[in-house]
Amino acid sequence: MKRYLLIVAALLLGTSGCKDYLDVNTNPSTPQVASSPVVLPPMFAQMARGELFDSRYAGSFIQNWAFTTASNVWDRQGYAASSDAGAEKWRSHYFGNGANLFLIMDDAAKTNRPTYGGIAKAIWAWSLQSTTDWHGDMIVKQVFEFGRYSFDFDPQEVAYAEAVTQANAALADLAKEDPITPGTVTRADLVYGGDRAKWTKFVYAVLARNANHISNKASYKPDDVIAFVDKSLASNADNFLVPHNGSNSDDSNFFGPLRNNLGSYRPALFAMNLMNGTTMGAPDPRQTLLFNPSADGVYRAIAPGQGDPNAANTPAFIPTFWGGNTVALSGIGRGMFRDNAPYPLMTYGELQFIKAEAAFRKGDRATALVAYRNGINASFDLLNSLETDATKRVTAAQRATYLASKAVAQTAADLTLSNIMLQKYIAMYGHGMLETWVDMRRFQYSPDIYTSFTPPASLFPDNSGKTVQRVRPRFNSEYMWNSASLAKIGADKPDYHTVPMWFSQP
Amino acid sequence: MEQSLRRCLLFWLCLSLSISAALAQSRDIRGKVTSSEDNKPIPGASVIVLGTARGTTADADGNYRIQANVGQTLRFSFIGNKLRDVVVGNAEVIDVTMQADDNQLNEVVVTALGVKQEKRALGYSVQEVKGNVIAETQRDNFLNALNGRVAGASITPTSGNPGASTSITLRGISSIGGNNQPLFVVDGLPIDNRTFNQGALVSDSPNRNNDYQNRGADINPNDIETLTILKGPEASALYGLDAASGAIVITTKKGSGAAGRGRITYDNAFRFEDVYRFPAYQKTYGPGDNGTFSTPTRLYFGPKYASDVPLYDNLNNFFQTGYTSRHNLGLEGGNDRSSYRLSVGYTGQQGVVPTTDYKRLSVRLAGNSKITNKLEASTTFNYINTSNTKAGKGAGSTLLALLSWPQTDDARNYTNNDGTRRRLNPNSDTQDIDNPFFDVYKNKNKDQTNRVLGNVTLTYDPLSWLKVQGLVGADIYSTTGNLLFHPQSNRAIATRGSIENYTEISQLLNGQLLVTGKKDFGKISTSLLLGTSFDDRRYNVDAVRGEQFYEVDFNGINNTLPTTQRAKNTLNLIRRQAVFGQFTASYESMLYLTVTGRNDWSSTLPEANNSFFYPSVSGSFVLTELPNLQGGKLISFAKLRASYAEVGKDAPVPYITQSNLLGQVTTGGGLAYNVTGGNGILVPERTSSYEIGADVRLFNGRLGIDAAYFNRKAENQISAPRLSYATGFILQYINSGTIESRGLELLLTGNPIRKANFNWDVTVNFTRNNSVVQSLPAGQSEFYLSDTWMYANVRNSLFPGRPATAFGGNDYLRNTRGDILINPANGYPVKNTSFTEIGDRNPMFTMGLTNSFRYKNFTLSALLDIRRGGDVFNANELFLYANGLSTKTLDRETPRIVKGVLRDGLENSEKPTVNTIQVTPSTRNDFYNTAYVESDFIEHDINWLRLRDVTLRYSFPKSLLGDNKILRGASVFFTGTDLFLLTNYTGADPSINGLNASTGGSGAAGFDYGTVAVPRGYSFGVQIQL
């Protein structure tokens, strides 16, 4: 009897001797730990993803383009109920980039690779800035707190301050000596190849946006804005261009024909009128780089919310942005709307217009004029570089004619704020939609600045006659799973998207 | 890892051998058990040595053999017969005749760990189904044979196609999003009942467009001797965490240990089946828009067909008569020390959808042998080969494509003269969905499985009161699958042909060591079982996908453009260990008490939390053993029982204590977090339950009532709810959420007529249960299974305080008084776009009614399956409605005013504006295809009465077989399956699954979308015994 009891006891104890038998809970088919050089490459696609998905709707708000069927909710400055549409920025900020950037920051700190840490913080600062400019109030302080299921929204002011904090932290990291990193970062950094000087310029560009967006406030300091611009992108060579392979639908430009996301959009009248001489007084040669004429050779556009009246009319049928009348007839697209075209996420041209605006507000018209003309030239250069067909590029003579025309202010005395903002609008056509929308909200869509701009004839019913000022947070993130916090800031109201932003108010 | 597994195995082996050290002498007793009524042998009669753990059953010829000492008592028992106790004397042969007993009280059932127990001792309900009952239904998937036969079981076949998966849940839902199916145990060890989940494919589809056999169906129904259903954690605390949702314990047929000649059985069956239930659709209005003819289109909003236009019945032209042939051969033999049984089963089925088939070959060898008088070895080995050619389901599948195919066009002409696909509209890619004939003949959808189940048991009885048993088993299978969309298929227009191949390899190794001791203290008998087990589950899937075919008709990955080729690898390894014990005590066959305890260790939990203990206690009280109740005329037997049990549960999948990174396919590649966040502080889930019940036999046992009430609560569930993205993820694994289930099960057995030549047995089982969501993960107000969101805005949604089987969907927007709000612009109702509860799939009750008649040599048995209540989403009807094919659109020319009030700002005032806007849908299709509200397509309180199985059998009498020494028995039979269905459901068949059996939570039963109804089948065949 005793013997058997001993055996049983040994048996029961024996199992605990197999501790390493159970130690098999790390995934053999996919990594659960990763280092900075492998997590950095997809960050760029995620940066572009958030902006490009949502730019379709920004493009409607600012009347870069309009939908071919009538009464599109975005054309009417509304929103799609119970839908994630318009909130891809939210996804990229918190998920696509979000937690991954923190993984890089942690890894960089542990392995003493400040360049990676600086890049991650720079992207995070940019993401905070551009996400709050799109959505307004957002989750800043409680972000990524483990074990938390409901997250409080912070006012935009907090997001603006956090963007500055993160930008400064990025600058500090990027200034550090980093002997280990260069070996890997050249390949991992798809945009700047690990060039710390360029990243530093990118961070200053974020700071310039941050400082310039509060132009309506007493705290606005144009000298600070100019100082930030001067430390930022110094030429088109510094542009932040997110690359696209264009070989399949996963690695192609969101606006290219392979992804087919712009097939139902056509140029809006407001944008076309800026190009064809109607508004500016002289035709813009960039029209041929951005738009495509109908079969009869005429460039046509549509009014927001009205749909395309030419759909059944063969000679007047408006081609897609890719050149052909249908996706199938468009090849790989053209110019900025090519499958393999990079996405210009931050450009030298934009920064020169920021400088022009700040200098103008400060009263330094001479500086403003130089920056203004730099911006226009940078736009021509950028569009020409994106056009793969050399015969279609704008020639130096065409550009000179345009620069000397009445579409462009010739002297400091003639320069107006409207000149600057309209040229900035044109320069950022098709890529800087989110930033252009910030500008238009700062000026309350004023036709004094945006000559001949009118909101759509029939605004979305929930707007109650007000223009759009922000985009609601992501439905399947916040409206479904964090609704109590949303209610606290009034985001459950049907007209939440018309509540003015903190940045645009005095 | 591999090493540590080997070390553990070695450890058990050494231990087992050390126990074998002692030997004591006892005698070999054998004999034959016969019935006093007709002197026929009683196969399956149970023989146990009282006061020991030793027991056996008589073979097919009534022969048994067992070890016993002189002076020990052998107890013989068999259903329907009185107990017989015989004291072992000097005789080696003890033949026993048993007398019929109307009190069927001494039944022995297989319970957890294969322990045979007297039913009267059990503190919980178990239900047993005999193998011959299952085999007699002639169903390929034995789970379908259980439908209607088991109280508390809910069984849903995915479709009526060959090789369709079937899901089973016992006593409702307990896991919010995880697996709710019971554990499958064959001959004492768990086997895998997985249904392939398409998440492992490169295409990562959500299980909507294809089905995969649930692997439990590999078991040949003809090999099953008995099947015991342990319904709750009470019954299965000893099986551990996988049995938290119950267990299905299968005991397979073994060889006879009789001396003399062996036995050969052969039976066959030939079945014809046809699908006869289809959604109804209109044949009055032709294609077009807003009342105007247009073509080609799948919208039927055009003018009426001219009277002379020929219309084709594409639906009936498509489906064919299914045919199945089945052959089973069994060979048994042995001597007084060893025996074996070899069985070979073949099933070949052609489905009602052209090209579909299912083939299964199963070879099973079971042997056992007495190595010494005290050591017995038994082993089973089963090789199974299946192949399955399938048809797609869901969106764009054959059924929906047939329904919307132009009725003026003969779909059978699916190719042009040059062999290319005949397109209805050569100019439009989007409108031209696949011709279903093209789909089944040119697109490929096939898988093949090779499986080996092996199992070795060593039983050692060193002392009369002690038994040691060691079991080691392996369940290994590999499946290769091929899914191809032809370059001309509309589903591959963009990809110019796509192919996906996968190889799935599953390996389940497990072992148990059980030590059982028994001791009597006067009137109190006790036993103690101690055991330990290990479990090692490996699961690998390698999938590869390519696009852009070179040769259009070549089926192979090498025929695709290299830059389109993608691979995905899934490797899972889960390991568990356990120690457990069970103590039982009984007092004079009147009071029984069982206490169990188990500690599990699982690799899927964080190390700090991976060990967890859970207990159970159960008892039974046989009232009729009380002195003043003994021998009652009316009440021949009465028993009360109660049990309480807890079960801990580990994480449902491995590798979630940390977040996983996913290879990125964007420019530059790299790794980034996957959508679901990990959690390093997970703790085990806990399910606690209690059950009370009674078992009463009246009128000398001619009427029996068994009732059970249960309550089960699953708390702290590990699930991955969607949360705010501010977590850094889209979903996250957390411990949270509670579901409580309760229910009532009744089992009535009656024997109204019992005469020599005529016998009538009735069995009724009744189930009513419901599962209620007490709280949702993270305190959310909705949790939904995204895979179930397959058509329009209806999905499987859980809401706090509401049933775990609810439909979430879009309803009408109403004012505070409940009036439907109407859009003033067009007179259409306004939809509430948030998801609210719009139905509950849980039936009010289900019932199974089995009648068995025996008249002379004829037997007839029939099972009626009855369901009352429960809602079904008729998504087929919504599809037809939106496309102008529903018969509900026939009144399209009748102007109507939708009843409601205008949403004009006054809707909540004292005097809302009553809608007066007249709509004539025939000129405005959007009335049908955009203004519908999903809640209108939930069909409420669906009842059915189904003739599941009916079998008529004639056994040739001995006189007819003559004095034939070779032929011992022969019979012929006819079996009908699913012969009729009476239901208030307007669709084809309410018993279908919108996804497949791999879906967790409460699944997609009750989602009727694009699935072929279960066909009716007619089988006949012969059975011969040599």
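**Strand pairing, a buried helix and the A–B contact**

D28(B) stands opposite Q67(B) in β4(B). The model is predicted: local features require pLDDT of at least 70, side-chain atom pairs count only at pLDDT 80 or more, and totals for chains, interfaces and linings use all residues. Residues are numbered from 1 along each chain as its sequence is written, while chains are lettered from A and ligands numbered from 1 in the order in which they are written.

Strand β1 of chain B covers residues 27–35. Strands here are DSSP runs of E with at least two residues, helices are runs of H or I with at least four, and both are numbered from the N terminus. β1(B) pairs with β4(B) in the antiparallel sense, over six bridges. Pairing requires that DSSP find at least two bridges between two strands. In general, strands of a sheet pair through backbone hydrogen bonds, either parallel or antiparallel. The open sheet has three strands, in the order β4-β1-β7 (chain B), with mixed pairing. β4 (63–68) and β7 (96–98) of chain B are at the edges; each has a single partner strand, so one side of each lacks a neighbour in the sheet. On average, neighbouring strands of this sheet are turned by 35° against each other, direction ignored. Axes are lines fitted to C-alpha atoms, for helices over the stretch in contact, and angles run from 0 to 180 degrees between N-to-C directions.

In chain A, helix α12 spans residues 348–362. The expected span is 1.5 Å times one less than the number of residues. Of the 15 residues of α12(A), 13 are buried, so the helix is largely enclosed by the rest of the structure. Buried denotes 20 or more other C-beta atoms within 10 Å of a residue's own, exposed 12 or fewer, and partly exposed in between, with C-beta atoms placed from the backbone.

The contact between chains takes 58 residues from chain A and 58 residues from chain B. Residues are in contact if their C-beta atoms, placed from the backbone, lie within 7 Å. α4(A) gives the most to the side of chain A that touches chain B, with seven residues.

P279(B) lies in the loop between β17 (263–274) and β18 (288–289) of chain B. P279(B) counts as buried because it has 22 C-beta neighbours inside 10 Å. Beyond neighbours within four places in sequence, its contacts include L403(B), N876(B) and G987(B).

Methods. Contact = placed C-beta atoms within 7 Å.
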